Amino acid sequence: MRFKWSNVVLFFGYLFLYFPLICIVIYSFNESRFVSTWTGFSFKWYKALISDPIILRATVTSLKVAGVSATASVILGTMAAIIIARWGAFPGNTLFLGAITAPLVMPEVVMGLSLLMLFVGMESFFGWPSRSGNITVIIAHITLTLSYVTLLVQARLQDLDNSIEEAALDLGASPLKVFFVITLPMIAPAIVLGWLLAFVLSLDDVVIASFVAGPGSTTLPMIVFSSLRFGISPEINALATILMTILSIAVIMSAVFIYKDGNIKNM
Amino acid sequence: MYRIEEIIISWFSELMKKIKGRHFLVAIPYGWVFVFFICPCLILIRISLAENLIASPPYTSLIEWISGYMLQIRINLGNYMVLFTDEMYIRGFATSILIAGTSTICCLLMGFPMAYAIARSSEKIRGILLMLVVLPFWTSFLIRVYAWIMLLSPCGFINNLLIRLNLIEAPLQLMNNSCAACIGIIYAYLPFMIFPLYSAIEKIDYTLMEAAYDLGSSPLKAFFSIVVPLAIPGIYAGSALVFVPAIGEFVIPELLGGAQTLTIGRLVWNEFFGNMSWPTAASLSIILLIFVVFPIVFAQRRREAKLSIVD
């Protein structure tokens, strides 16, 4: 009896989670511009999407920003995680930990606003960073994603037995060698997951990018956001379907990767 | 003079000897966080205390030298005063809290049965069920909001369906109200509620339930007197995880809430992009941060209290 009840709950729960997304996928193949009528199956909106130069340029910008910021964030985040997990108390440790995790809970508008104010101040003092390039968005996204990456890698490091590292150090390996030969391979799943998460978060952000982006660095979410203000658009359906397909494949692949590694419980 | 230079140089080389690789390693993330997180926060506080100015940058400086010898510090609390006297801002705070609170409660009411059902499902499919909860979270946030525009808009899916079934004549106004904003927030943040609830419920020892049944308790009573109290840490964590992003949310109220659902996030945006009033936007942000910090501290206190009881 209870078994049935829980199945009903799960059915409606997952229906709520997936029905809206399935609608998007179905209507992306609708020939008509309107949701009201189904006139036939077509790839029309995909073609329109691919031949739209504004969307293409914004996609390239977004991918560049996401790639660079995810990579930088993983490097910085791994450093921060090692500091937090391995070296314990440093002067200002509590403040550092607080500041590194605070972007997790910081409202996006506040973060975007404060970073823009910093960039404007810095530009008038040092003449850098110039808001005409992508650099401001990249910096903002690194700051945003750093906390996620740090927490993921740090959780992994804390689960690891650091006696292996200590043994290697005792046997005369240099700290750098220990890091690259022992620590890095062991935290690799967390780093991959962290990179992926940082990439997706960067690709997804519209508010912070809207604040800090200059005229030349319009990202894809900014384009999508401004077109959503005018309501339903079938091109966005097509775009959403493509994005969802890519992201689900990436997530499933990373899950398989982590699962095969036998570390799913640690994630 | 010569000696002083010598001392400085020797002191500096001494310092350079002490600095090793690991210090540089510490300095890089420390420096990053200091420059790009702590500094912006300080600048935000500083600008919130300035006066509005039609110039570039559009605010006054707090400290000024007047006629070469007088140091003048002008701190303007007017930006904060306005926030607590102007009806628009007060209504904005109320709307934000109402929407965030309602969505948190709805998330809890929807998330709890789901988390419980997942925790009680067989271990084989549990991983898949959990992954299905996170998967929408990995699709773009804007797309998830857009999905609801498509469902709720006047020419959207639900209105079409109802008209086709001859249940209504004209399309209902489902979008552009605070209810639609709530639905959007629930949809976007439901995974944040399910996960902490699941990890709390999963730990519950079910022999307690069986004991309750054996002693003649009804399933419902056993549920409310065993599962719910033991899941309280998860309830607090999940509620904080939903409430905190919901209160500062900008995109969902902007796209689904219509013109009258002015949340704090939207007010900050409008002050900055619409009125070009940096000081007001900054002071609103500070107030928003206070709204965010409060539930976190509360949840943390509760957790610590709970832990100290366990100890």
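Predicted model: local features only at pLDDT ≥ 70, side-chain atom pairs only at ≥ 80, totals over all residues.

**Entry 1: a cross-chain pair.** I started with A:Arg229, which is partly exposed at a relative accessible area of 41%. My scale: buried is under 20% relative accessible area, exposed is over 50%, and partly exposed is in between, with a 1.4 Å probe and protein chains only. Residues are numbered from 1 along each chain as written, chains are lettered from A and ligands numbered from 1 in written order, and side-chain values use heavy atoms, without hydrogens and water.

Which residue does A:Arg229 form a salt bridge with? It is B:Glu254, with the closest N and O atoms 3.0 Å apart. The pair crosses between chains, from the loop between helix 10 (220-228) and helix 11 (234-260) of chain A to helix 12 (residues 251-256) of chain B. For a salt bridge I need a side-chain nitrogen of Lys or Arg within 4 Å of a carboxyl oxygen of Asp or Glu. Helices here are DSSP runs of H or I, at least four residues long, numbered from the N terminus.

Entry 2: I checked its accessibility: B:Glu254 counts as buried at 17%. B:Glu254 also meets B:Arg266 in a salt bridge (3.0 Å, N to O). That one links distant parts of the chain, helix 12 and helix 13 of chain B, with the two residues 12 apart. B:Arg266 counts as buried too, at 7% relative accessibility. Shared partners join A:Arg229, B:Glu254 and B:Arg266 into one network.

**Entry 3: another bridge.** Why about one helical turn between B:Glu87 and B:Arg91? Because they sit four residues apart in helix 4 (residues 87-120) of chain B. B:Glu87 is exposed, at 51%.

**Entry 4: a glutamate without a bridge.** Next I looked up B:Glu271, in helix 13 (residues 264-274) of chain B. B:Glu271 is buried yet has no salt bridge, and the nearest side chain of opposite charge, B:Arg266, is 12 Å away. For charge, Lys and Arg count as positive, Asp and Glu as negative, while His and the chain ends are not counted. I did find a polar contact of 3.2 Å between the side chains of B:Glu271 and B:Asn275. That term means N or O atoms within 3.5 Å; within protein, one must be able to donate a hydrogen and the other to accept it, and residues adjacent in sequence count only if both atoms are side-chain atoms.

Entry 5: A cavity is a set of points on a 1 Å grid over the protein atoms alone where a 1.4 Å probe fits but cannot get out, and lining residues have an atom within 4 Å of a point. The largest cavity holds about 160 Å³ of space. Its lining has 15 residues, and among the closest to its centre are A:Leu203, A:Asp204 and B:Ser140. Volume is the space filled by probe spheres set on the points, which are joined across faces, edges and corners. Helix 11 of chain A gives the largest share of that lining, five residues.

How values were computed
1 Å grid on protein atoms, 1.4 Å probe; cavity = no way out; pocket = protein on both sides within 12 Å on 5 of 7 lines; lining within 4 Å.
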